[in-house]
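The structure is shown first.

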Amino acid sequence: MDTAAIKLVQSKLKEMGHYSGRVDGDRGAKTHAAVKKGIPQIDGTPPAGWKTLSGKRQTLIFLQLYCHANDVNAGAIDGFWGPQTAWAADALEEKLQNGFIHAWRDVEPIDANPHQFPKQSQMTNFYGPHGVPGGRSPDLVSVPCPWPLKIAWNKAQRRSGFRVHRKVADSLGEVVERVHDHYGLKEIERLGFDLFGGDYNPRKMRGGSSWSTHSWGIAIDFDPERNRLKWGRGRASFAHPDCADFWEIWERQGWTSLGRIKNFDWMHVQAARLG
């Protein structure tokens with residue numbers, strides 16, 4: 001049972017009036033005491049003899065009942081943390097936050113590559129050397145954006161477009177024009193496509209030793225606050241169905257969304273295939 005699942009339990013118990021501690025993911029004595037009070041009051045029938053089970057299994061029973069009460073199939077109510085219960089915990093969190101459950105198989109990225117963008121392993125051959133801080137830079141150009149961009153971490157600051165590699169400029173221009181035509185300014189702002197999170201930036205990958213695709217000027221980030229690096233479909237705002245057309249517009253031009261393929265880093269889109 002992971003920390004996020006325990007927080008779900010604690011939040012529900014607090015809502016029911018049984019838990020007064022912090023929602024911190026710590027499955028301690030206060031949580032166990034609240035679980036014993038909550039199990040008889042939440043919808044569903046716990047297994048016979050549940051009162052004799054360990055605090056951990058009782059907590060899982062409460063979680064499984066909570067899932068079923070919200071039409072999320074957690075499997076058998078047995079107090080075990082198996083694959084079905086693990087999936088159900090993530091699905092319940094997503095449903096409570098977004099009002100829907102996005103099935104993994106619902107996402108089928110468009111496999112188009114009209115500009116013959118390379119795999120990541122072939123970026124230097126295609127784009128030339130990456131940039132380095134204070135040194136060389138790739139062949140960069142500016143591409144205007146048809147809607148105003150706000151700096152995500154300082155929304156009072158604006159910028160008019162993107163700084164990217166010359167070889168991706170035409171495709172990027174086509175993408176932003178189509179996004180603007182499809183969504184319009186009001187929806188762009190509602191969904192966060194106007195929140196600029198980065199383009200050319202010569203640096204290593206976060207937590208790694210390889211150079212980031214940003215170092216070639218072939219990657220762009222949007223709305224990083226609501227699409228954090230490790231957030232998946234249960235939390236990332238760009239995983240919402242309202243953003244599906246946004247991603248398809250990028251994909252038709254050969255760009256790759258790590259969120260759509262790997263279910264993490266939903267802020268990021270790059271002109272390089274995985275591999």
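## Helix H1 against helix H4

The model described here is predicted. In it, the crossing of H1 and H4 is left-handed. H1 covers residues 3–16 and H4 covers residues 83–98. Their axes are 10 Å apart, and the packing angle is about 55°.

Which residues of H1 and H4 meet? On the H1 side they are Ala4, Ala5 and Leu8. On the H4 side they are Ala89, Leu92, Glu93 and Leu96. By class, this contact between H1 and H4 comprises six nonpolar residues, no polar ones and one charged.

## Helix H3 against helix H4

H4 also packs against H3, at an angle of about 55° and with the axes 10 Å apart. H3 and H4 are therefore oblique to each other. Their crossing is left-handed.

From H3, the residues in this contact are Leu60, Leu63, Gln64, Tyr66 and Cys67. H4 contributes Thr85, Ala88, Ala89, Leu92 and Leu96. The contact of H3 with H4 has eight nonpolar and two polar residues, and no charged ones. Ala89, Leu92 and Leu96 of H4 are listed in the contact with H1 and also in the contact with H3.

## Helix H2 against helix H3

H2 spans residues 29–38 and H3 spans residues 55–69. The axes of H2 and H3 come within 9 Å and cross at roughly 50°. That angle makes H2 oblique to H3. H2 passes H3 in a left-handed crossing.

The H2 side of the contact consists of His32, Val35, Lys36 and Gly38. The H3 side consists of Gly55, Lys56, Gln58, Thr59 and Phe62. What is the division of these residues by class? The contact of H2 with H3 has two nonpolar, five polar and two charged residues.

## The sheet

Six strands form an open sheet in the order S2-S1-S3-S4-S6-S5, with mixed pairing. Strand S2 (154–165) and strand S5 (256–257) are at the edges. Each of these two has a single partner strand, so one side of each is left without a neighbour in the sheet.

S1 and S2 run antiparallel and are joined by eight bridges. The two strands form a hairpin, with two residues between them. On its other pairing, S1 meets strand S3 (residues 195–198) in the parallel sense, over two bridges. There, Ile151 stands opposite Phe196 in S3.

S3 and S4 run antiparallel and are joined by two bridges. The bridge partner of Gly198 is Asp221 in S4. S4 (residues 219–222) also pairs with strand S6 (residues 268–270), antiparallel and over three bridges. In that pair, Ile220 stands opposite Val269 in S6.

## A helix across the sheet

Which strands does helix H6 lie across? H6, made of residues 166–191, lies across S1 (140–151), S2 and S4. The direction of H6 is at about 10° to that of S1.

## Overall layout

The protein chain has eight helices and six strands. From the N terminus on, the order of elements is α-α-α-α-α-β-β-α-β-β-α-β-α-β.

The chain is divided into domain 1, residues 3–98, and domain 2, residues 120–270. How far apart are the C-alpha centres of domain 1 and domain 2? They lie 38 Å apart. For the protein chain, the C-alpha trace spans about 70 × 40 × 35 Å along its principal axes.

Note on methods. Residues numbered from 1 in each chain as written. Predicted model: local features only at pLDDT ≥ 70, side-chain atom pairs only at ≥ 80, totals over all residues. Heavy atoms only, no water. Axes fitted to C-alpha atoms, helices over the stretch in contact; angles between N-to-C directions. Helix = DSSP H or I, 4+ residues; strand = E, 2+ residues; numbered from the N terminus. Parallel < 35°, antiparallel > 145°, perpendicular 65-115°, else oblique. Left-handed = near helix turned anticlockwise from the far one by under 90°. Contact = heavy atoms within 4.5 Å. Nonpolar A, V, L, I, M, F, W, Y, C, P; charged D, E, K, R; others polar. Domains from an automatic or database assignment. Pairing = 2+ DSSP bridges.
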